[in-house]
Each structure stands twice: as structure tokens, then as C-alpha cells.
Amino acid sequence: MREVFQQSLREVQDRLVKIAELVEEAIENATSAFGNSDVAIAERVIDGVEEIETRAAELDQHAIDILARQQPVASDLRLVVGALRMSSSLERMADLAQHIAQLARYRYPESAIPKGLSKTFVRMAALDVEMAAKLVELLRTQEPSVIAEIRDLDDDLDELHAKVFEKVLSDKLADNPTGVVDATLASRYHERFGDHAVSVAKQMQFFLSGTVDLD
């Protein structure tokens, strides 16, 4: 009976890793579509989010079944409860990747990135992709040092988000209201993606240590 329980817990981890891998693929493709005005890739991201949502719902049901049947304690309980929260954050990350892809589709064949912000969004995209990859690593290896790396990447992302707002509020983009809206939305999507990555990292920290740094 205990072996069945342990197998169920391993399945929780495996499912989390798989969802995180799909999120990594989604944000990589979404940012590529956004940066290159590639509507085909954008459509692929938009259509692919449904699989992530399905997998997240299946993971949630699996975790609820464990809680109902096994009544786990201590670290096992933290993993199961944390999995419910992490799957929710990963699903939100997929939604944000979809939003970025939708911006690319809406503006096709034009670029959704205003002149003067291309390098900033290239860097924001790279940070989001790296954070997604770090989440896969964290969920697979449960290595605590990766948590700090994700936080550091999010700090860098927040700085770029602030710079975008400084740019769109300046007079330089006054003659491009559509570009201002697109840049504001895209920057917010990138920034929220990072916030959810940190949320997943915090849940993993709680599972590993029983405590969480709220800063």
C-alpha cells in the first residue's frame, strides 16, 4: 500500500514537470511569434494552451484523490497541496504566453513592438524563457539553489518592466497610441509570467523546508 502511495506522489512530480515543460515551450514560441510577427507560431501557441489546461485539471484531480484516499502527512501533504497551487500558477503562465501570442496575431503582418523597445522586449523574452526552463529544472531536481536563481531573474524582469513604462509615458511614443497599448500589455504579461514563476518557486521552497520567504 505504501509503495502505491509513493508511486502516486512520484506521479504528482512527473505531471508537474510535464506541464512546466509545455509552459516553457509555450513562452518560447509566444515570444518568438511576438518578436518576429510570426502568425503561424502564434496560432500554435494559442491552440496548445488547451492541452496545458487539461493536464493541469487532471493533476488537480489526482492530487485531490490522494488527499481523500491516503491522508498524507508532513512533507507528503506539503507536496500534494503545493501541487494544486503550482498547477494553478503554471496554468496562468500558459495563459500569459497565449496573450503574448494573441498580440502578435492581432498586429500581423505589422510588429506589435514599438520602435525603440525591441531590445527591451528581446531581453524580457529571454528572461521569461530562462525562468520557465529553471522551473522545469526545479520541479525535476528539487534543488533549492534554483529558487534563488528564479528570484534573481524576476528582479531583472521587474526592472525591464519599469523601463517599458518609462518609455511609453514619454513623449517619444505620443504619436503611436496603438504601440503604447501593445507595449504596456506585453510588458505586463511578461512581468506577470515572472511573478507566477516565483509563486511556483515559493511553493517548492515550502515543500522542501516547511517555510517560505515572503519577500
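**Figure 1. Helices α3 and α6 cross in a left-handed way.** A crossing is left-handed if the near helix is turned anticlockwise from the far one by less than a right angle, and right-handed if clockwise. This is a predicted model: local features need pLDDT of at least 70, side-chain atom pairs count only at pLDDT 80 or more, and totals for chains, interfaces and linings use all residues. Residues are numbered from 1 along each chain as its sequence is written, and side-chain values use heavy atoms, with hydrogens and water left out. Helix α3 covers residues 74–107 and helix α6 covers residues 177–209. Their axes come within 9 Å and cross at roughly 165 degrees. Axes are lines fitted to C-alpha atoms, for helices over the stretch in contact, and angles run from 0 to 180 degrees between N-to-C directions. α3 and α6 are therefore roughly antiparallel to each other. Angles under 35 degrees count as roughly parallel, over 145 as roughly antiparallel, 65 to 115 as roughly perpendicular and the rest as oblique. By class, the contact of α3 with α6 has 17 nonpolar, 10 polar and 6 charged residues. Ala, Val, Leu, Ile, Met, Phe, Trp, Tyr, Cys and Pro count as nonpolar, Asp, Glu, Lys and Arg as charged, and the others, Gly among them, as polar.

**Figure 2. The chain holds 6 helices and 0 strands.** Helices (H or I, at least four residues) and strands (E, at least two) are DSSP runs, numbered from the N terminus. From that end, the order is α-α-α-α-α-α. The C-alpha trace spans about 65 × 35 × 20 Å along its principal axes.

**Figure 3. Helices α2 and α3 pack with their axes 9 Å apart.** The angle between α2 and α3 is about 165 degrees. α2 and α3 are therefore roughly antiparallel to each other. The crossing of α2 and α3 is left-handed. Their contact residues divide into 20 nonpolar, 3 polar and 6 charged.

**Figure 4. Helices α4 and α5 pack with their axes 10 Å apart.** Helix α4 takes in residues 118–141, and helix α5 takes in residues 145–168. Their angle is about 160 degrees. α4 and α5 are therefore roughly antiparallel to each other. The crossing of α4 and α5 is left-handed. Residues of α4 that meet α5 include Phe121, Met124, Leu127 and Leu138. On the α5 side, Ile147, Ile150, Leu153 and Val164 are among them. Contact means heavy atoms within 4.5 Å. By class, the contact of α4 with α5 has 13 nonpolar, 2 polar and 8 charged residues.

Figure 5. Most residues other than glycine have a negative phi, and most peptide bonds are trans. Ser37 has a positive phi, near 50 degrees. The peptide bond from Tyr108 to Pro109 is cis, with omega near 5 degrees.

**Figure 6. UniProt lists residues 17–103 and 122–203 for "domain: PhoU" (unreviewed entry).** UniProt positions are given in the numbering used here, feature names are shortened, and annotations may be inferred rather than shown by experiment. Residues 17–103 are 94% helix and 0% strand. The end C-alpha atoms of this span lie 28 Å apart.
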